[in-house]
Amino acid sequence: MDACKWNGEATFLIPLGTYMIYGANFIGPCKGSLIVKIQGVIKASTNPKIFCKGSWISFEYLNNLEIEGGGTLDGQGASAWGQSQCATRPYTIGLSSIQNAIVHDIHAINSKMFHFDVYNCNNVTLSHVNIIAPSDSPNTDGIHISTSSNIRVFDSNIGTGDDCISIFAGSQNVNISGVTCGPGHGISIGSLGNKPNEVVKDVHVKNCTLIATQNGMRIKTWASSNVGEATSISFEDIIMDKVNNPIIIDQHYCPSHTCSFQKSLVQIKDVTFNNIRGTSNSLVAVNFNCSSSLPCQKINLNDIKLITDNKPTIASCANAIGHATGIELPPSCLKPALES
């Protein structure tokens with residue numbers, strides 16, 4: 001790509017119009033910084049002989065990347081949802097081994113799988129991103145983050161058939177704010193424990209709104225898991241609007257219902273839920289289903305006010321240790337830590 005050869009700031013422009021792109025892989029390193037300005041509408045192929053061959057649009061081994069322009073990426077995912085043509089369906093945009101990137105003012109719709117996949121990256125910001133897919137579209141996470149550090153997501157609207165934002169193993173220093181999520185499965189950490197030593201730490205979610213999602217703020221580990229850890233996590237100033245499971249820690253996660261349900265070996269600790277308010281679609285608004293071998297530690301609740309149909313909700317706790325302060329709706333069921 002000629003833009004990558006320029007020793008300075010280069011711009012790759014996709015102007016107004018509608019274009020079919022079968023696949024594009026931007027592989028660095030480049031001599032200078034790169035701006036990808038998408039103004040038009042880009043459509044993916046619906047032919048499995050083409051889209052099963054790999055990712056749709058990917059950026060790898062780049063430093064100083066900007067993707068912007070107000071355009072739309074249409075994954076035309078209905079051609080792949082529920083089908084078994086591909087071993088793995090392609091992401092709309094994959095960011096892999098990127099240092100210093102900004103993605104802003106981009107629309108992504110109907111991805112075949114994740115809309116944005118952020119893997120092995122450092123210092124990446126996504127803002128003013130609009131992501132849309134039907135509520136029944138499978139595995140269409142809005143933004144999937146793994147093995148990455150110093151990631152920021154803010155001021156974006158995400159509605160998909162899976163997690164609005166999923167934070168996976170190896171991620172740390174992730175900050176999310178000003179995100180409206182729905183439909184979808186909420187903002188999730190995990191699932192963790194599929195492989196040994198999967199760790200997520202220093203995740204902070206603030207000033208977000210979730211509307212009619214399957215879950216609100218969720219941490220999940222496999223029902224039968226390897227050793228791992230999720231620690232230093234906070235959810236603050238969150239509004240729930242008819243959310244099924246507003247606050248949930250699930251250490252018995254098994255979507256296939258075929259797990260052995262051995263004890264999870266992922267330690268969850270130092271997790272704070274502060275100023276979480278709104279409505280729950282389920283009676284159980286706070287659900288801490290923690291591991292019996294490694295109970296959740298240092299779970300902090302402050303000013304929780306969740307109701308359902310103008311009625312009180314309840315909390316359910318298993319192997320969860322911590323404390324609650326301020327408003328307690330529902331009343332806390334956390335087990336206090338033993339004093340030394």
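The model is a predicted one. I then followed the pairing of the two strands: S18 and S20 (residues 228-243) run parallel and share 12 bridges.

On to the pairing of S18 with S16. Strand S16 covers residues 171-181 and strand S18 residues 198-211, and I count 8 bridges between them, again in the parallel sense. Threonine 180 has threonine 209 of S18 as its bridge partner.

Next I traced the open sheet. It holds 11 strands in parallel pairing, ordered S3-S6-S9-S11-S13-S15-S17-S19-S21-S23-S26. Strands S3 (24-27) and S26 (314-318) are at the edges with a single partner strand each, so one side of each has no neighbour in the sheet. I noted an average twist of 10° from one strand to the next.

Within this order I checked S13 against S15. Strand S13 (residues 143-146) pairs with strand S15 (residues 165-167) through 3 bridges, in the parallel sense. The bridge partner of histidine 144 in S15 is serine 166.

Last entry, aspartate 74. I located this residue in strand S8, which spans residues 72-74. Is aspartate 74 buried or exposed? Its relative accessibility is 8%, and the cut-off for buried is under 20%, so I logged aspartate 74 as buried. Its side chain comes to 2.9 Å from the backbone nitrogen of glutamine 76. Leaving out residues up to four places away in sequence, I listed the contacts of aspartate 74 as Ile42, Lys43, Ala44, Trp56, Ile109 and Asn110.

How values were computed:
Residues are numbered from 1 along each chain as its sequence is written. This is a predicted model: local features need pLDDT of at least 70, side-chain atom pairs count only at pLDDT 80 or more; totals for chains, interfaces and linings use all residues. Side-chain values use heavy atoms; hydrogens and water are left out. Two strands pair if DSSP finds at least two bridges between them. Helices (H or I, at least four residues) and strands (E, at least two) are DSSP runs, numbered from the N terminus. Buried means under 20% relative accessible area, exposed over 50%, partly exposed in between (1.4 Å probe, protein chains only). A polar contact is a pair of N or O atoms within 3.5 Å; within protein, one must be able to donate a hydrogen and the other to accept it, and residues adjacent in sequence count only if both atoms are side-chain atoms. Contact means heavy atoms within 4.5 Å. Axes are lines fitted to C-alpha atoms, for helices over the stretch in contact, and angles run from 0 to 180 degrees between N-to-C directions.
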